[in-house]
Number of protein chains: 4
Amino acid sequence: MVPQGERPELQSVRTAVVGASGYSGQELLQYLARHPVFHLSFVTSRQNAGQPLSQFVHGLPRELGVLTFVDAAPGSDLAGKADLFFLAVPHGTAAPFAVALRKEGKTVVDLSADFRTTDPAVYKEFYGHEHPAPALLDEAVYGIPEIHRERLKQTKLIAAPGCFPTSIILPLVPFVKHVEADSIVVASLTGVSGAGRKLEMRLLFGEINDNMYAYSVPKHRHLGEIEQELSLAAGKKITVTFVPHLVPIHRGMLTTITARLTQSLTDGEAHQVLQKAYGQEPFVEVLPPNQLPEARSVAHSNRIQISARVDARTNRLLLFSSLDNLGKGNASQAIQAANLAFGLDERTGLA
Amino acid sequence: MVPQGERPELQSVRTAVVGASGYSGQELLQYLARHPVFHLSFVTSRQNAGQPLSQFVHGLPRELGVLTFVDAAPGSDLAGKADLFFLAVPHGTAAPFAVALRKEGKTVVDLSADFRTTDPAVYKEFYGHEHPAPALLDEAVYGIPEIHRERLKQTKLIAAPGCFPTSIILPLVPFVKHVEADSIVVASLTGVSGAGRKLEMRLLFGEINDNMYAYSVPKHRHLGEIEQELSLAAGKKITVTFVPHLVPIHRGMLTTITARLTQSLTDGEAHQVLQKAYGQEPFVEVLPPNQLPEARSVAHSNRIQISARVDARTNRLLLFSSLDNLGKGNASQAIQAANLAFGLDERTGLA
Amino acid sequence: MVPQGERPELQSVRTAVVGASGYSGQELLQYLARHPVFHLSFVTSRQNAGQPLSQFVHGLPRELGVLTFVDAAPGSDLAGKADLFFLAVPHGTAAPFAVALRKEGKTVVDLSADFRTTDPAVYKEFYGHEHPAPALLDEAVYGIPEIHRERLKQTKLIAAPGCFPTSIILPLVPFVKHVEADSIVVASLTGVSGAGRKLEMRLLFGEINDNMYAYSVPKHRHLGEIEQELSLAAGKKITVTFVPHLVPIHRGMLTTITARLTQSLTDGEAHQVLQKAYGQEPFVEVLPPNQLPEARSVAHSNRIQISARVDARTNRLLLFSSLDNLGKGNASQAIQAANLAFGLDERTGLA
Amino acid sequence: MVPQGERPELQSVRTAVVGASGYSGQELLQYLARHPVFHLSFVTSRQNAGQPLSQFVHGLPRELGVLTFVDAAPGSDLAGKADLFFLAVPHGTAAPFAVALRKEGKTVVDLSADFRTTDPAVYKEFYGHEHPAPALLDEAVYGIPEIHRERLKQTKLIAAPGCFPTSIILPLVPFVKHVEADSIVVASLTGVSGAGRKLEMRLLFGEINDNMYAYSVPKHRHLGEIEQELSLAAGKKITVTFVPHLVPIHRGMLTTITARLTQSLTDGEAHQVLQKAYGQEPFVEVLPPNQLPEARSVAHSNRIQISARVDARTNRLLLFSSLDNLGKGNASQAIQAANLAFGLDERTGLA
């Protein structure tokens with residue numbers, strides 16, 4: 001995979017990962033270690049400060065393995081260390097980094113939720129407090145390349161979405177005008193890595209193995225951005241009933257969407273809608289109607305599998321998607337979006 | 001747990017399990033080994049014929065462990081071997097056994113689907129061929145004790161339901177008159193044991209570990225009986241959109257139901273509806289609205305956990321249930337129903 | 001299972017569990033909830049103080065479910081609350097409870113390591129500090145009933161062993177005189193529950209799923225008690241090379257022991273040695289040489305499976321054992337030992 | 001990673017995989033799809049004949065995905081289809097393919113055991129029948145590049161070893177002269193993929209999840225080749241006691257080796273022995289003594305982790321290794337060896 005067209009002189013971009021001790025941060029390191037243009041120059045981690053990357057990321061080339069984690073606050077001289085910054089810190093703590101880095105003209109890819117909702121009121125509704133940096137919201141672009149490709153090529157602030165929104169928005173957008181706006185019901189099954197690498201009792205092996213449950217109902221935090229993107233695509237207000245479930249798997253997300261059709265559709269027609277929307281996309285695998293997405297087919301990749309079926313008995317559209325919640329649902333999609341922002345072939349480093 | 005009231009003289013019922021090499025059959029043996037009234041006298045298995053039970057069921061009392069599996073066809077002299085017969089053979093092969101045994105006046109608990117649909121036309125729609133013993137359909141009682149307790153006390157032919165129907169019907173029945181009849185959407189997550197112990201490539205560890213997928217959409221075989229029981233409770237035709245998902249767990253089923261409310265309801269009111277329906281039931285655990293069912297809390301038991309929430313944003317009722325798909329979803333519920341048919345306390349052998 | 005012989009008048013023993021928020025404590029509660037003589041009257045937990053048992057232990061009878069956890073220190077008036085105390089608190093913190101309770105004449109079953117080594121010097125070697133209550137060491141009896149049954153009937157202080165020692169000592173004791181004293185090599189595979197329910201990064205699902213590793217080599221803490229018991233049985237000093245491995249399973253322990261034979265032995269003779277030692281034991285399942293122990297056959301039980309094979313090519317004895325590391329390796333064996341101390345049939349509450 | 005030195009003109013090698021429906025075959029396809037020199041031109045599978053590769057291997061480039069599986073017998077005109085053949089068929093069925101292909105001068109990498117033992121008598125001892133092609137044994141080279149690199153550069157018949165031998169031979173070879181020849185005891189833990197993708201009851205998810213057990217004792221089939229390679233390195237006869245264990249994981253193998261030292265050694269000295277042997281090897285990760293190998297660090301890679309510890313109490317050396325049993329223990333190591341046979345940098349296609 002070679003860098004394409006627009007900026008052929010681009011040989012190397014100094015790249016930093018801020019907050020690399022979690023699962024997102026480690027996955028970013030795995031991908032960036034193989035990226036031909038984005039070269040890791042700086043990695044921060046409060047928890048592992050002073051330790052070499054090789055302790056946490058296996059199989060790195062020697063020159064990367066010896067890089068050590070640094071504990072860096074937003075106020076510190078981060079901007080001098082790199083030109084591209086991936087923020088893999090918790091929601092709410094990313095915004096101060098973004099403000100400081102954007103002031104210095106740096107490109108920022110934020111994997112937290114801080115810049116995903118364009119309306120600060122929606123942010124407040126779902127996160128319970130005022131938005132920490134509303135002035136930046138205008139320039140932030142929601143980081144799903146298949147939906148916002150052109151805007152991503154022009155931005156320096158990418159709001160990389162998480163796994164739930166990606167797995168829901170991508171299958172639904174081509175159908176928003178085929179379904180009743182208030183009839184959408186979504187059930188997602190998520191692997192544990194979606195919850196991050198945190199010291200919480202509920203995340204122990206002994207609590208999750210042989211177990212599963214629904215949670216965060218009826219108003220999961222990410223509903224705000226999901227409804228925002230669907231409404232944007234539909235040109236009208238879309239509401240969604242959303243039930244996430246935790247299952248005993250580490251990486252992987254499976255989403256099942258049902259919605260009442262406004263007019264009847266065959267399986268073949270539904271498949272054509274997907275095919276038309278995504279048939280040329282390098283990372284979207286549109287499955288034939290008789291094949292349903294599965295978790296392992298997309299593990300450790302930037303691909304999403306999607307398929308559509310029609311339940312003629314109830315006149316409902318059924319949509320299915322599968323992605324790696326650390327891949328297309330997180331780290332690798334963030335790189336795909338960053339590739340666009342730097343004028344690279346979006347597949348660079350992801351094949 | 002002691003036998004109750006009606007037939008105090010009942011000391012021992014000779015009990016047979018037909019088809020005991022699968023997961024259902026083995027689970028039946030586990031429960032029956034501890035049952036104070038139903039005494040195992042005969043166990044059939046084509047696959048393990050001639051081998052002792054102790055090879056397959058661990059921790060049995062010595063006198064049961066030495067019992068050997070017998071290969072017995074419907075035509076053989078089965079009826080003389082016991083008075084209560086559990087049929088744990090595949091769909092379609094149970095009916096001939098039931099016909100022969102009912103002719104001899106024996107009590108039959110069929111764990112297959114052969115007698116679950118009261119209308120032979122529905123059977124044909126979902127199973128693709130004529131019903132093999134329509135004359136018996138009238139006397140068969142659908143084996144959910146919480147719904148059909150009185151009829152189960154009077155029958156000698158119990159159609160024990162599987163895990164999907166139990167996990168859907170029990171939470172929904174108290175609400176059928178609160179929701180729009182065509183608005184019900186169900187997503188179920190099932191452990192692998194629900195598929196039985198079969199030599200199929202898709203059931204290998206290597207195919208299921210770290211994997212998950214939806215299947216059998218849009219018309220799973222068990223939809224017929226699910227809609228039958230819901231319609232019966234509602235007094236009108238109910239249709240359901242149903243999506244089952246396989247997850248990497250052995251035993252356990254989690255069901256999430258959404259339906260549009262015909263009038264608004266609070267979380268507390270929804271809880272009260274469940275509490276009123278099942279508050280006194282020994283095997284139904286109604287959870288408070290802020291607690292959701294989980295798989296491990298009911299593993300290796302005959303209990304089902306249920307809770308209700310309201311999504312006020314979309315005016316939908318959310319119902320959640322969890323059961324062991326070899327327990328309340330299968331073998332132990334079959335014993336609970338059989339207890340009723342023999343005039344025992346339904347908790348006998350299940351506490 | 002009914003109480004046997006010696007003290008037929010014994011109807012009820014008030015029983016307390018100290019430290020019931022961990023996996024050991026919860027498993028004790030599960031077993032005690034069904035015990036016909038040991039009646040739970042008091043349960044302590046720092047972490048869950050004030051909450052009802054029903055939150056943590058599912059399927060309890062209503063009268064037990066409403067019992068609440070109490071935060072109680074060794075100095076508090078614990079002794080008045082019960083006559084039998086199970087201590088399920090971490091190593092080092094159990095001793096002060098034991099001292100206070102023994103002073104009041106109470107029976108104490110300590111599931112920690114505090115009283116397992118009879119020699120305070122060995123304790124210091126393996127735990128790094130002086131023994132906290134050396135005066136009690138003389139009266140403590142090591143709680144493997146199959147080895148110390150008669151002494152357990154006479155004691156009021158039981159040092160209940162953990163899973164590694166039980167899985168190693170039981171198979172080896174009958175053979176200590178058949179093998180070279182310095183030739184024993186043990187590899188154990190343990191489920192995660194053996195590590196307890198602690199907030200440690202290494203115990204997260206994301207760190208254990210799809211993973212395994214050896215640890216605590218070459219001198220695991222429990223080697224002291226293992227060598228003590230083996231040497232006692234052999235009448236000479238026995239040393240052991242021991243390598244524990246963590247595997248992605250919750251409950252279960254598998255142990256493989258190899259040792260050089262001092263004289264040749266056939267598979268059949270080795271089996272006979274086991275049969276002679278344990279053939280009558282209710283909780284030891286001696287398997288024929290062609291069958292090897294497996295984890296699931298003993299899960300949720302107080303049984304241990306053992307088998308022996310001879311590797312004639314290398315003249316080594318191979319011993320295999322399997323137990324539930326929360327069952328025979330922990331909570332249920334503690335109850336088995338307590339049954340003896342109270343003159344009950346040791347199977348009481350465990351069948 | 002670019003092809004190195006010797007044959008710079010080498011642009012493309014037509015490559016076939018014989019028997020690609022199993023886990024080994026599929027893993028080969030995954031690696032070969034990214035290999036810059038070995039170009040897939042022909043893939044056989046009895047089971048999936050006529051189906052496109054894209055059905056089984058996800059994320060393939062389109063031109064590979066459309067390739068279809070062919071059912072080809074040894075007698076057919078295979079030789080014309082490619083110049084390099086990977087045989088991923090069961091033991092015993094590979095030899096006829098090898099004979100036919102070597103006759104045509106083709107390079108053969110056999111992943112079965114057919115050419116691993118140099119002595120046909122050893123083959124007969126462990127496999128129970130005469131060797132099917134003894135005339136080829138002389139030219140076969142055992143495919144561990146770190147041990148037989150120079151010979152692999154000269155051969156056209158590679159006997160690629162399996163996971164157990166690789167995980168045992170690599171750590172032990174540098175120490176064969178430091179340990180007593182008859183004191184070696186090995187315990188290996190293997191993921192299920194090591195058993196292949198076969199329709200066997202014991203390989204069902206329901207039989208392996210939450211389970212583990214030892215098997216194939218005392219004389220596992222691969223002991224012959226293990227002792228052959230160790231004896232070759234030691235210059236004297238080495239015997240090994242070997243106990244494999246199955247654990248609930250898909251890919252991954254962990255091996256623990258103990259052996260009595262002939263003279264005392266410190267942890268540091270043992271580490272130096274490994275460092276000297278493998279410090280420059282691209283795929284051997286020698287860990288410091290305080291760090292032990294783990295399965296996930298090498299998953300989906302061609303790396304093996306090794307570390308050494310000394311148990312001074314018992315004067316035993318402890319060696320630990322971890323590899324992916326489909327990677328360094330199988331498919332990727334076969335490619336590493338094939339790279340050498342074609343004069344390529346052995347890292348080609350594996351980084």
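The legends below accompany several close-up views of a predicted model.

Residues are numbered from 1 along each chain as its sequence is written, while chains are lettered from A and ligands numbered from 1 in the order in which they are written. In this predicted model, local features need pLDDT of at least 70, side-chain atom pairs count only at pLDDT 80 or more, and totals for chains, interfaces and linings use all residues, with side-chain values resting on heavy atoms and leaving out hydrogens and water.

**View 1. The interface of chain B and chain A.** In this view 46 residues from chain B meet 46 residues from chain A, where contact means heavy atoms within 4.5 Å. Between them, chain B and chain A bury about 4,000 Å², and 59% of this lies on carbon and sulfur atoms; buried area is the accessible area (1.4 Å probe) that two parts lose on being put together, summed over both. Of the area that chain B buries against chain A, 18% is supplied by Met212(B), Arg296(B) and Arg313(B), more than by any other three residues.

View 2. In one of them, Arg296(B) pairs with Glu207(A), and the closest N and O atoms are 2.7 Å apart.

View 3. Over all chains the count comes to 14 aromatic pairs, for which rings of Phe, Tyr and Trp (its six-membered ring) must have centres within 6.5 Å, planes under 30 degrees apart counting as stacked, over 60 as edge-to-face and the rest as tilted. The ring centres of Phe38(A) and Phe342(A) are 5.6 Å apart and the planes stand at 70 degrees, so this pair is edge-to-face. The pair links distant parts of the chain, 304 residues apart, with Phe38(A) in strand β2 (residues 38-44) and Phe342(A) in the segment after α10 (331-341) of chain A. Both Phe38(A) and Phe342(A) are buried, where buried means under 20% relative accessible area, exposed over 50% and partly exposed in between (1.4 Å probe, protein chains only). The rings of Phe164(C) and Phe242(C), with centres 5.1 Å apart and planes at 75 degrees, are likewise edge-to-face. Phe164(C) is in helix α6 (residues 163-172) and Phe242(C) in strand β9 (residues 240-246) of chain C, so the pair ties together parts that are 78 residues apart in sequence. Phe164(C) is buried at 5% relative accessibility, and Phe242(C) is buried at 1%.

View 4. Gln336(D) sits in helix α10 (residues 331-341) of chain D and is buried, with a relative accessible area of 0%. Not counting residues up to four places away in sequence, Gln336(D) touches several residues, including Glu146(D), Phe283(D) and Lys328(D). Lys328(D) and Glu146(D) form a salt bridge with the closest N and O atoms 2.9 Å apart. This pair links distant parts of the chain, 182 residues apart, with Lys328(D) in the loop between β13 (316-323) and α10 and Glu146(D) in helix α5 (residues 145-154) of chain D. Lys328(D) counts as buried at 0% relative accessibility, and Glu146(D) is buried at 11%.

**View 5. A salt bridge between chain D and chain B.** Glu207(D) forms a salt bridge with Arg197(B), the closest N and O atoms being 3.0 Å apart. Glu207(D) lies in helix α7 (residues 205-208) of chain D and Arg197(B) in the loop between β7 and α7 of chain B, so the pair joins two chains. Glu207(D) is buried at 6% relative accessible area, as is Arg197(B) at 16%.

How values were computed: A salt bridge is a side-chain nitrogen of Lys or Arg within 4 Å of a carboxyl oxygen of Asp or Glu. Helices (H or I, at least four residues) and strands (E, at least two) are DSSP runs, numbered from the N terminus.
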